[in-house]
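Take a walk through this model, one packing arrangement at a time.

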Amino acid sequence: MKNTVIASIVFARQHRVATALAFLLVFPFLMPYDALSVNILIFGLYAVGFNLLFGYTGMLSFGHAAFLGVGSYLAGISVVHAGWPWWAAIVVGVAASCLAGLVIGFLAIRTRGIYFSMVTLALAQIVYYVFYKAERWTGGENGLRGVKVEAINLPGISIDFLNPLNKYYVILVFVALALWFVSRLLNSPFGAVIEAIRENEKRAAACGYDVARAKLLVFVLSAGICGLAGALRALHLSIVPIDSLHYLQSGQAVMMALLGGMGTFFGPFVGAAVFLYLEDVVTNLTRYWMGVVGAIFMVFVLFFPKGIWGTLLHQIERWQRRQGGSV
Amino acid sequence: MTGAPILEAKAVSRYFGKFQALNNISVAFRPGELTAIIGPNGAGKSTFFNVISGGIPSSAGQVLFEGRDITGLAPHDFARLGIAKSFQITNVFKQLSGHENVRVALQMRTTRFQILRPREDYVTLIEQADALLERVGLTDSRNKLAGDLAHGQQRSLEVAMALACDPRLLLMDEPTAGMSPQETTVMMDLILQLSAERTVILVEHKMKMVMGLCKRLIVLHHGELLADGNPEEIRTNAEVKRVYLGQN
């Protein structure tokens, strides 16, 4: 039994995109209702984008809500004010968040550690304020309403987007593409460079890598992935709540990544799933969800700093070593 | 004594606030010559090392590499020009395997921002990394995490990483610091081998170690150039004896 589990997890790590896809295909049938599955899909992607920067490059941004929100709002504005089709809205949302990533990243990567976190937080607050004040375009406090996408029209086929299960699978296509991209990136030479930067910036520079440029590039890519999550969320919810840009949303990315296991491929997704599932269950029982989250979070930070998935991988590697090598 | 210098410091000074760590130092290093920069604690050795290796800029003066002004260039430019260094405090990628440490360092000359091709496609890099690990005697540590290696092994790993960018000039800051006597011997042999194929400059605290190893010694004291010559000249230099040997 144990060996089967180990073998399957080893397989999962080798074929991570295929595994993720296979799991996500049946995922809605394991969840109590479809909207929750869609939510987990979107926030899983958001956490994966965040983890690219935090877990793999070692840069703790406290302002990633800016990219989720910019992606959401720009996709929403494309639909509501410009009347563009859904796919153009996604493209605009991703492009806008990449641009926001370029500007915020350019300013923030000059700092390190806690200062980096503070600068990203401050800049994200500026983005919040700008969107809050631009009421004519964003609806201000009420959020942007009327992001209506009733059908996904492809050549020869029209999919009813109001059906939650259809919605799930349409969004899954984009999430799968993004996961494939992240997986390729992590396997690439550039993926090696960002891990080297996380491990030792000085040494990476002495090896001839332009650390600032690499950081900026990964910052923009991370922002773009979070922006994609945001754009998909706008289509999913039909509105863009101003909360999308709130710093609590930035904090949620940190929590999900830590809960699942930072610097692992599946960790952030696991973290997002557990977080949102618990939120759903607990809010049905009590009003004090935030208190419960706080307690869970403390337990993990204190006793399982590698997160759920990270701890599991660690255990498996120990078993493997005890059995003397490979399984 | 032949040929243009590979590295030249011209009237280099460095201040930290009002404190003058380096005062108007001019030295030329000739290609192929194994040189050591020595001096007692606080002599300015590490500051000088940092200035010529791109760690910190000089406050005044110039650094020339093969006749080209490299003063104030970024650390990654130094590596790309052909100047590699190993740090005084070991700097390796601790959570990566020994092999990956060297492979990443090698990769710089081939590809830096390739995002979509798998690393495994670059077979030559993988083979070259294995060859370099063998060179520094770390073949057995190929798959171990760099952070799990013994101190001496980590230092050897760092040398392999410095060699990965095929430097014409190798700068080493106290390469045997914290090493056991056996490890020191191994490292000294390695340095001697390396100096046969490229220019090596070391900064060293232990005078005994470099006396038998280097052809030329440069002695710094209180941020100034005190003496410059072959081991015999340095051994008999009265000034050096006074400030340096007297301490031991």
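**A helix pair in chain A**

α2(A) and α8(A) are roughly antiparallel to each other, because their angle is over 145 degrees, the cut-off for that word (under 35 is roughly parallel, 65 to 115 roughly perpendicular, the rest oblique). The angle is about 160 degrees, and the axes lie 9 Å apart. Axes are lines fitted to C-alpha atoms, for helices over the stretch in contact, and angles run from 0 to 180 degrees between N-to-C directions. Helices (H or I, at least four residues) and strands (E, at least two) are DSSP runs, numbered from the N terminus.

This is a predicted model: local features need pLDDT of at least 70, side-chain atom pairs count only at pLDDT 80 or more, and totals for chains, interfaces and linings use all residues. Residues are numbered from 1 along each chain as its sequence is written, while chains are lettered from A and ligands numbered from 1 in the order in which they are written.

Which residues of α2(A) meet α8(A)? They are Arg16(A), Val17(A), Ala20(A), Leu21(A) and Leu24(A). Facing them in α8(A) are Leu172(A), Ala176(A), Leu179(A), Trp180(A) and Ser183(A). By class, this contact has eight nonpolar residues, one polar and one charged. Nonpolar means Ala, Val, Leu, Ile, Met, Phe, Trp, Tyr, Cys and Pro; charged means Asp, Glu, Lys and Arg; the others, Gly among them, are polar.

Now look at Val17(A), in helix α2 (residues 16–26). Beyond its neighbours within four places in sequence, Val17(A) is in contact with Leu179(A), Trp180(A) and Ser183(A). Contact means C-beta atoms, placed from the backbone, within 7 Å. Val17(A) is partly exposed, because 16 other C-beta atoms lie within 10 Å (20 or more would be buried, 12 or fewer exposed).

Next, chain B. An open sheet of six strands runs in the order β6-β7-β8-β3-β9-β10, with mixed pairing. Two strands pair if DSSP finds at least two bridges between them. The edge strands β6 (83–86) and β10 (224–229) each pair on one side only. Five bridges join β9(B) to β10(B), which run antiparallel. Leu220(B) stands opposite Leu225(B). Helix α1 (residues 45–53) of chain B lies across β3, β6, β7, β8 and β9 of that chain.

Finally, the two chains meet. Here 27 residues of chain B are in contact with 21 of chain A. On the chain B side, α2(B) gives the most, with four residues.

Conventions:
Two residues are in contact if their C-beta atoms, placed from the backbone, lie within 7 Å.
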